[in-house]
Amino acid sequence: MEVILNLASVQGNILKYNQILKKSDQLIKQNLEDKKQDSIRKEGRSHQLEISDPIVEIENLTLEYDGKPAIIDILIDIPKNHATAVIGPSGCGKSTLLRCLNRLNDLIDGVTIEGSVKISGEDIYDSNIDVTELRKRVGMVFQKSNPFPKSIYENVAYGPRLSGIKNSTDLDEIVENSLNGAALWEEVKDRLGESALSLSGGQQQRLCIARAIAVEPEVLLMDEPCSDLDPIATGKIEDLITELKQNYTIVIVTHNMQQAARVSDYTAFMYLGRIIEYDITENIFLRPTNKQTEDYVSGKFG
Amino acid sequence: MKKNSWKSGDPFIWLTGLSLVFSLIMIGGLLFLIMYKGLGFFWPSDIAVIELNDGTYYMGEISNREKKPEPGEAVAKNKDSRIQLKIGNRDLYGLDFKWIDENQIKSIEYPKDAVVLERLEWGNMYGFIKGIRSDGTTIATGNVESWPVLKSLLPKTHEIHKEIKRIEKKKIGDINYNISQLRLQIRKLELERGENKSSIKKLEEKIEDQNKLFQEEESKLTSLYKQLNQNRITISTIDGREKEMSIGTIVRAYRPNSMSIFEKLLIYFSKLWEFVSGNPREANTEGGVFPAIFGTVLMVVIMSIVVLPFGVLAALYLREYAKQGLLVRIVRICVNNLAGVPSIVFGIFAVGFFIYGIGGTIDSLFFKESLPTPTLGTGGILWASLTLALLTVPVVIVATEEGLAAVPRAVKEGSLALGATKFETTWKVMIPSAMPAILTGVILAIARATGEVAPLMITGVVKLAPDLPIDSHFPFIHLERKFMHLGFHIYDVGFQSPNVEAAKPMIFTTTLLLILIVVILNLTAIIIRNYLRKKYTLPGV
Ligand SMILES: Nc1ncnc2c1ncn2[C@@H]1O[C@H](COP(=O)(O)OP(=O)(O)OP(=O)(O)O)[C@@H](O)[C@H]1O
Ligand SMILES: [Mg+2]
């Protein structure tokens with residue numbers, strides 16, 4: 001049974017892949033001019049990719065935990081309304097990078113951050129920035145599912161309620177749509193009042209995704225959202241990502257190479273806190289320029 | 001291969017099991033002793049008439065039996081036993097109890113028509129009815145004829161008692177309250193020293209009106225008391241003495257030797273009910289303990305209401321807002337140690353700080369007119385509750401801190417990542433998650449507070465409080481009032497009462513009641529906690 005499913009998903013992937021190829025070709029042609037100008041500005045980068053319409057611009061970002069650098073001199077632009085994958089071996093700083101984008105690292109004692117991160121042109125580390133507003137615009141799905149000890153409904157309604165939505169019919173609608181988006185609605189529609197902690201691990205993860213998309217963030221950060229999921233749920237989440245990226249920007253961390261290839265338009269490879277290579281996904285997987293990237297994506301790493 | 005039982009930890013398991021069994025036996029034994037001694041108190045036991053070898057008779061309830069102690073011997077070796085007889089009739093004999101050597105006894109009989117009269121004063125009377133007179137004329141003579149008459153008269157006297165109580169408590173209480181309020185108003189006006197002679201005059205007239213009302217109620221009372229003392233009963237005791245008394249002083253009359261188990265049960269429960277719902281009599285050694293139950297529960301409830309927010313807020317600050325460092329660590333250690341400070345120290349602190357400090361200041365600012373009589377500047381249920389809150393707040397702080405620490409960091413970050421502020425996260429995620437732990441703290445606090453007596457003795461508990469802290473006079477809850485407390489009641493009845501022997505069973509019953517109240521209060525908190533647990537988490541997590 002599972003074999004058949006896997007085969008089916010591989011087939012689907014090939015189709016998707018073709019789409020991606022077409023799309024990125026277009027992009028490259030369209031914006032050839034702008035890229036030249038950009039490249040003058042960003043001389044110091046370790047990769048050649050130019051993004052014409054970036055929503056997130058990270059420049060020379062270095063983060064240290066108690067003096068130990070976790071990410072070093074990151075310089076990368078993330079394109080609007082696309083999915084960007086971040087891959088790399090465990091401990092290379094992927095989560096840390098993601099958490100820089102919604103300033104979640106602020107909470108940890110002993111963290112020092114240098115460099116700048118701009119979202120829609122605004123420096124998010126500026127002292128005038130309202131961090132809660134920022135976090136409403138930059139949603140996050142965590143590596144480990146972390147539902148609140150509340151009912152399923154309240155988990156999803158948490159974000160909208162914070163934004164001041166009180167009308168129960170509006171909330172009902174948001175909850176249903178979000179759960180549908182996360183491919184969970186059918187399983188939980190009869191038990192919305194039950195504790196979220198009574199769900200299985202995979203269901204909890206999808207609940208966290210529903211919770212994150214309920215506030216309709218501009219940028220959605222997903223830290224290994226499918227690590228706990230079975231192939232069917234994974235497929236659903238991947239479909240969701242493909243759908244969401246029409247309107248949202250998605251940054252996804254994954255250890256699953258196939259997944260990165262399937263869902264992302266761009267891929268960044270990180271190693272020991274640095275971005276080693278950043279390019280359109282096809283190039284990273286088929287024509288990597290860096291030896292380490294090649295070793296990693298082909299599974300020869302380590 | 002031989003299994004190494006030492007390494008596998010079997011002896012350790014036995015040890016844990018053994019300690020549990022030991023604790024259970026201790027607790028069980030204590031509870032059994034208290035129940036055995038306490039619950040038997042209300043049972044109407046048979047009345048024995050004992051004839052001694054020298055021809056004297058004694059009559060009463062056999063209440064104890066023991067080996068006769070020899071002077072100079074620590075452990076009684078003597079084979080002879082002696083029995084303790086509750087002979088009652090304190091007005092005649094002076095003592096309620098009599099020890100009788102068993103080898104002196106010639107015979108024991110249980111005459112069918114022996115009566116027990118429970119009285120408002122002087123304790124029980126044991127004897128035989130000789131006759132009943134109404135307004136000086138004899139209406140019944142002899143045991144057989146008088147018993148039904150007595151039975152029919154008792155309900156009427158109970159009605160009259162109720163009416164008297166209603167007038168005294170409600171009517172006259174209201175009038176007294178009004179008068180004292182009017183007096184205070186006058187005094188206030190006098191203190192203001194303005195030109196308000198006319199309004200003072202008006203108030204004085206009102207006082208006159210109230211006084212007239214008082215006279216009316218007084219005359220009603222006098223006639224009721226006359227009715228009460230109309231019928232008189234004469235009892236002859238076993239040693240041939242006679243005693244005449246008003247039927248109005250009799251609470252209950254029964255003949256245990258001719259009663260069935262069922263009838264005895266009825267008496268048992270009616271006595272039990274009187275104990276739980278009635279007011280104390282005879283220096284607390286008889287009657288009920290309702291005011292003490294009420295005071296204890298109210299005090300614990302006020303304490304919980306105060307200690308919960310205080311402890312939770314303090315713990316929140318320590319764990320979530322304060323910069324974690326040496327200072328916070330020191331504060332935390334201090335808080336933990338505070339839980340070990342002897343409670344009397346808290347009591348003394350409360351007298352100085354709450355009563356004289358805060359209470360005295362409030363009095364001099366807002367209750368000037370009633371000075372020098374203090375209103376809040378003296379012990380009261382509010383101050384006692386606050387003292388206990390102070391005493392138990394470390395428990396709640398520690399439990400809450402542990403609860404907050406147990407909330408996974410990821411859950412907190414999840415809330416923040418959705419754009420919640422720190423306050424929203426604390427309020428909507430952290431506190432609900434920590435609620436079971438917080439309630440565990442409150443449960444421990446309640447258990448400690450209910451059992452505490454020492455600090456209360458100097459902050460507002462009294463032997464006999466004239467009024468409950470809640471009544472029908474505005475503002476209905478009078479937290480400045482003194483109150484009664486079961487724990488203090490035990491101490492008072494056990495060690496301060498003039499009639500310790502008679503009060504002994506009362507101590508056990510009161511203890512039992514106190515334990516019962518602790519259990520009920522705790523069960524309530526536990527049920528709430530389990531409900532919250534089920535609502536928020538997996539069963540058993
Ligand atoms: N709170 C923290 N305090 C100190 N060091 C940390 C903290 N979080 C992460 N690190 C360190 O920073 C480095 C990068 O961690 P990060 O979690 O970003 O890795 P990752 O790429 O997400 O790994 P994985 O794929 O296993 O999730 C690691 O060496 C880790 O030990
Ligand atoms: Mg990670």
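Predicted model: local features only at pLDDT ≥ 70, side-chain atom pairs only at ≥ 80, totals over all residues.
On labels, residues count from 1 along each chain as its sequence is written, while chains are lettered from A and ligands numbered from 1 in the order in which they are written.

Okay, chain B. It has 15 helices and 13 strands; those are DSSP runs numbered from the N terminus, H or I with at least four residues for helices, E with at least two for strands.

Buried residues make up 29% of the 541 in chain B. Buried here means 20 or more other C-beta atoms within 10 Å of the residue's own, exposed means 12 or fewer, and partly exposed is in between, again with C-beta atoms placed from the backbone. And if you take contacts in chain B between residues at least 6 apart in sequence, 68% join residues at least 24 apart.

Now the domains. Chain B splits into domain 1 (48-128), domain 2 (131-258) and domain 3 (309-536), with bounds that come from an automatic or database domain assignment. The centres of domains 1 and 2 of chain B, over C-alpha atoms, are 36 Å apart. How do those two meet? On the domain 1 side 21 residues are in contact with 18 residues of domain 2. Strand 2 (57-67), strand 6 (115-119) and strand 7 (125-134) of chain B each give two or more residues to that side of domain 1, and strand 6 gives the most, with five. By type, that side of domain 1 has 14 nonpolar, two polar and five charged residues. For the record, Ala, Val, Leu, Ile, Met, Phe, Trp, Tyr, Cys and Pro count as nonpolar, Asp, Glu, Lys and Arg as charged, and the others, Gly among them, as polar.

Next, the two chains together. Here 20 residues of chain B are in contact with 22 of chain A. On the chain B side, helix 11 (409-417), helix 12 (422-451) and helix 15 (500-536) each supply at least two residues, and helix 11 has the largest share, seven residues. That side of chain B divides into 11 nonpolar, six polar and three charged.

Over to ligand 1. Which residues are around ligand 1? They include A:Tyr65, A:Lys94, A:Ile108 and A:Gln143, where near means a C-beta atom, placed from the backbone, within 6 Å. Helix 3 (residues 94-101) of chain A brings the largest share of the shell, three residues. The shell has four nonpolar, six polar and one charged.

A:Glu216 has a positive phi of about 50 degrees although it is not a glycine. A:Glu216 sits in the loop between helix 8 (201-213) and strand 7 (219-223) of chain A. B:Asn89, also not a glycine, has a positive phi of about 45 degrees, in the loop between strand 3 (81-86) and helix 3 (90-93) of chain B. Buried or partly exposed? A:Glu216 is partly exposed, with 19 other C-beta atoms within 10 Å, while B:Asn89 is buried, with 25.

Key. Contact = placed C-beta atoms within 7 Å.
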